[in-house]
Amino acid sequence: MEVCNCIEPQWPADELLMKYQYISDFFIAIAYFSIPLELIYFVKKSAVFPYRWVLVQFGAFIVLCGATHLINLWTFTTHSRTVALVMTTAKVLTAVVSCATALMLVHIIPDLLSVKTREMFLKNKAAELDREMGLIRTQEETGRHVRMLTHEIRSTLDRHTILKTTLVELGRTLALEECALWMPTRTGLELQLSYTLRHQHPVEYTVPIQLPVINQVFGTSRAVKISPNSPVARLRPVSGKYMLGEVVAVRVPLLHLSNFQINDWPELTTKRYALMVLMLPSDSARQWHVHELELVEVVADQVAVALSHAAILEESMRARDLLMEQNVALDLARREAETAIRARNDFLAVMNHEMRTPMHAIIALSSLLQETELTPEQRLMVETILKSSNLLATLMNDVLDLSRLEDGSLQLELGTFNLHTLFREVLNLIKPIAVVKKLPITLNLAPDLPEFVVGDEKRLTQIILNIVGNAVKFSKQGSIYVTALVTKSGTRSPDFFVVPTGSHFYLRVKVKDSGAGINPQDIPKLFTKFAQTQSLATRSSGGSGLGLAISKRFVNLMEGNIWIESDGLGKGCMAIFDVKLGISEQSNESKQSGIPKVPATPQHANFTGLKVLVMDENGVSRMVTKGLLVHLGCEVTTVSSSEECLRVVSHEHKVVFMDICLPGVENYQISLRIHEKFTKQRHQRPLLVALTGNTDKSTKDKCMSFGLDGVLLKPVSLDNMRDVLSDLLEHRVLYEAM
């Protein structure tokens with residue numbers, strides 16, 4: 001009989017329960033075997049899972065558990081010992097693997113927890129990024145609104161348009177029920193309601209600027225929520241509304257504004273603030289958001305900048321208008337001054353001509369009278385008339401020179417001349433008067449004073465003559481000393497510093513007298529026209545006339561300085577001036593040519609038979625000029641008009657004297673017509689000389705441009721006419737210094 005190793009059950013099995021256990025173990029085994037397959041697939045597909053070996057170990061545990069349940073299927077019936085050993089081995093292995101897995105999970109769980117922590121951190125970061133993205137989108141939206149508002153605000157520089165546009169755009173962008181702007185009044189103690197969103201012309205409502213709510217808003221640059229019932233927020237009717245909307249206020253800096261007035265807005269030179277109030281719709285649950293408040297703050301700053309730009313533009317436009325008004329006024333004044341100068345010049349030209357015509361007659365006839373047989377008493381009277389006439393002519397020249405000095409048309413006529421001779425000639429002119437007054441004049445020329453210099457001989461002579469003449473005029477006794485020297489380099493004078501150069505030097509002339517003297521406080525007045533001082537001598541002798549005034553202008557024109565020194569009344573005075581002169585570089589031969597010519601004597605001049613034509617509209621002047629020429633032996637023909645002159649003039653006439661009355665162009669046309677008449681016989685054309693009383697340079701220029709051969713300035717004496725004819729016939733051209 002075979003031995004059976006089967007294990008008998010301890011109790012009889014319930015067939016139905018055994019059947020269910022059998023089926024359950026079968027499905028458990030299948031499930032245990034499928035789970036490792038799924039884990040293997042997961043490990044294979046997951047490239048970043050850090051615990052693959054744990055999954056392998058866990059898969060082994062599940063496989064063993066499944067094998068145990070599978071082997072257990074054979075234990076429900078009689079089974080052999082082999083089945084029992086396999087079952088026991090599977091359970092032991094399952095126990096070992098399960099214990100190892102449990103121990104391993106003890107070490108893995110903290111890591112898994114840290115992973116969970118990181119997962120939560122990442123989730124929080126993701127949420128924070130979402131919030132930041134929301135803020136960025138909000139800021140972008142706010143920025144878009146700000147750019148839009150800024151564009152609308154900056155589209156104009158009119159302050160009223162800026163403020164009204166700001167309220168309208170804020171109301172549209174933020175869906176406001178009301179928006180208002182409060183401006184400081186002229187006194188600066190109140191805020192005045194100037195602009196509102198819903199009212200075109202708001203009521204001039206004012207509130208004190210020291211209200212706590214206003215101080216609160218002005219104390220910060222941020223937008224501040226204020227009570228809907230505050231004085232600055234009572235801008236809307238409350239009837240039927242049980243809940244007022246939230247109100248925000250923000251300050252608007254008024255930056256460096258000046259003369260910027262809106263409804264009696266004050267002139268602001270310090271930093272002040274306006275108040276902007278914004279109200280949300282009533283009966284709504286809407287509240288102010290952070291980005292909306294930021295939008296309001298940015299817009300307030302942009303309005304402040306736009307207002308400052310508008311103020312600057314208004315100031316610049318006001319300054320431009322003022323400048324334009326000033327320019328118009330200056331242009332009008334300039335035109336009036338030019339008209340006055342032209343009128344003065346025309347008057348002087350007319351008066352000069354009208355005065356020189358009788359002076360021409362007096363001097364010419366006096367000089368002719370001198371040539372006749374006279375008693376000593378008659379000769380003295382004629383000489384007195386001639387000297388007085390010359391002095392009057394000098395005064396006329398002074399008036400004209402002063403006029404040209406004042407309008408800047410006078411220019412220096414530079415040339416080489418003998419400086420030593422100039423001083424001696426001036427003293428020779430003054431000595432007759434000084435001899436009468438018994439005033440000795442002493443001339444002292446420094447040894448290093450150059451003999452020949454370059455400068456305006458005529459103007460320098462006039463300066464010295466005026467100063468020495470005044471010294472003789474205002475001195476009753478004593479003596480007069482005239483000293484001329486070279487001013488040393490670095491020498492100082494009142495308000496002047498002498499700096500000579502290699503080609504120039506400064507001449508210093510001192511004229512000292514022992515006359516009545518001058519009060520120091522009266523010295524500045526001496527250089528004004530027709531100045532009067534308080535000294536008795538001056539009053540008895542008359543004023544200083546134009547001499548010193550013209551001399552000062554001549555000295556300034558020569559880049560020099562003039563001043564007077566006196567210790568007081570009865571102590572005499574000394575006039576000193578420095579003028580800039582050039583150093584002559586000509587040879588001795590050329591220097592000799594700079595020496596003034598000695599007038600030809602009647603014995604050397606022979607004009608007998610010289611045919612001369614004289615054209616002059618003035619009968620007296622025509623007769624006087626004819627008398628001078630006839631006395632010199634000329635055969636003279638006179639005419640009174642240009643037409644008669646053209647008809648009479650012929651090749652027999654050697655010289656034609658034409659009176660040029662006024663500086664108009666039509667007076668010079670006669671010379672062109674004479675040139676046309678002698679076009680085919682140019683060598684037989686007579687010399688054309690203008691007789692004029694106009695001393696301006698334009699007269700000389702016009703004479704040259706119209707083909708005249710010379711200009712002779714009235715009045716003309718006999719000696720002057722003799723010299724003129726000699727030079728004219730010798731050089732065939734004559735232009736006196738004018």
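The chain's secondary structure comes to 17 helices and 21 strands, where helices (H or I, at least four residues) and strands (E, at least two) are DSSP runs numbered from the N terminus. This is a predicted model, so to speak of local features takes a pLDDT of at least 70, side-chain atom pairs count only at pLDDT 80 or more, and totals for chains, interfaces and linings use all residues. Residues are numbered from 1 along each chain as its sequence is written, and side-chain values use heavy atoms, with hydrogens and water left out.

Of the 738 residues in the chain, 42% are buried; buried means under 20% relative accessible area, exposed over 50%, and partly exposed in between, with a 1.4 Å probe and protein chains only. Take the contacts in the chain with a separation of 6 or more: 70% of them come from residues 24 or more positions apart. Contact here means heavy atoms within 4.5 Å.

Let's start with an open sheet of six strands, which has the order 3-2-1-6-5-4 and antiparallel pairing. Its edge strands are strand 3 (206-208) and strand 4 (224-226), each pairing on one side only. On average, neighbouring strands of this sheet are turned by 35° against each other, direction ignored. For two strands to count as paired, DSSP has to find at least two bridges between them.

Helix 4 lies across strand 1, strand 2 (190-196) and strand 6 (272-279), and runs at about 70° to strand 2. Axes are lines fitted to C-alpha atoms, for helices over the stretch in contact, and angles run from 0 to 180 degrees between N-to-C directions.

Strand 10 (residues 480-486) pairs with strand 13 in the antiparallel sense over seven bridges, with Asp-513 as the bridge partner of Ile-480. Strand 13 is also joined to strand 15 (residues 573-583), again antiparallel, by ten bridges; there Phe-505 stands opposite Leu-581.

Strand 18 (residues 655-660) has six of its six residues buried, so it too is largely enclosed by the rest of the structure. In a regular strand the side chains alternate between the two faces of the sheet. Both faces of strand 18 are covered, with Val-655, Phe-657 and Asp-659 buried on one side and Val-656, Met-658 and Ile-660 buried on the other. Strand 18 runs parallel to strand 16 (residues 611-615), the two being joined by four bridges, and Val-655 is the bridge partner of Val-612. Strand 18 also pairs with strand 19 (residues 687-692) in the parallel sense over six bridges, where Asp-659 has Leu-691 as its bridge partner.

**Two helix pairs**

Two packed helices are described by the angle between their axes and the distance between the axes. Here are both pairs:

| Helix pair | Angle | Axis distance |
|---|---|---|
| Helix 8 (residues 419-436) and helix 9 (residues 457-473) | about 35° | 10 Å |
| Helix 13 (residues 619-631) and helix 17 (residues 718-731) | about 65° | 10 Å |

Helix 13 and helix 17 are therefore roughly perpendicular to each other; angles under 35 degrees count as roughly parallel, over 145 as roughly antiparallel, 65 to 115 as roughly perpendicular and the rest as oblique. Thr-625, Leu-628, Leu-629 and His-631 of helix 13 make the contact with Leu-718, Met-721 and Leu-725 of helix 17. By class, this contact has five nonpolar, two polar and no charged residues. Ala, Val, Leu, Ile, Met, Phe, Trp, Tyr, Cys and Pro count as nonpolar, Asp, Glu, Lys and Arg as charged, and the others, Gly among them, as polar.

In the other pair, residues of helix 8 including Leu-419, Phe-423 and Ile-430 meet residues of helix 9, among them Leu-460, Ile-464 and Val-468. By class, the contact of helix 8 with helix 9 has 13 nonpolar, two polar and one charged residues.

Most residues other than glycine have a negative phi, and most peptide bonds are trans. Ala-175, not a glycine, has a positive phi of about 55°. Ala-175 is found in the loop between helix 4 (159-174) and strand 1 (178-184), and at 42% relative accessibility Ala-175 counts as partly exposed. Glu-559 also has a positive phi, near 60°, and sits in the loop between helix 11 (547-557) and strand 14 (561-566). The peptide bond from Lys-714 to Pro-715 is cis, with omega near -5°, and Pro-715 lies in the loop between strand 20 (710-713) and helix 17.
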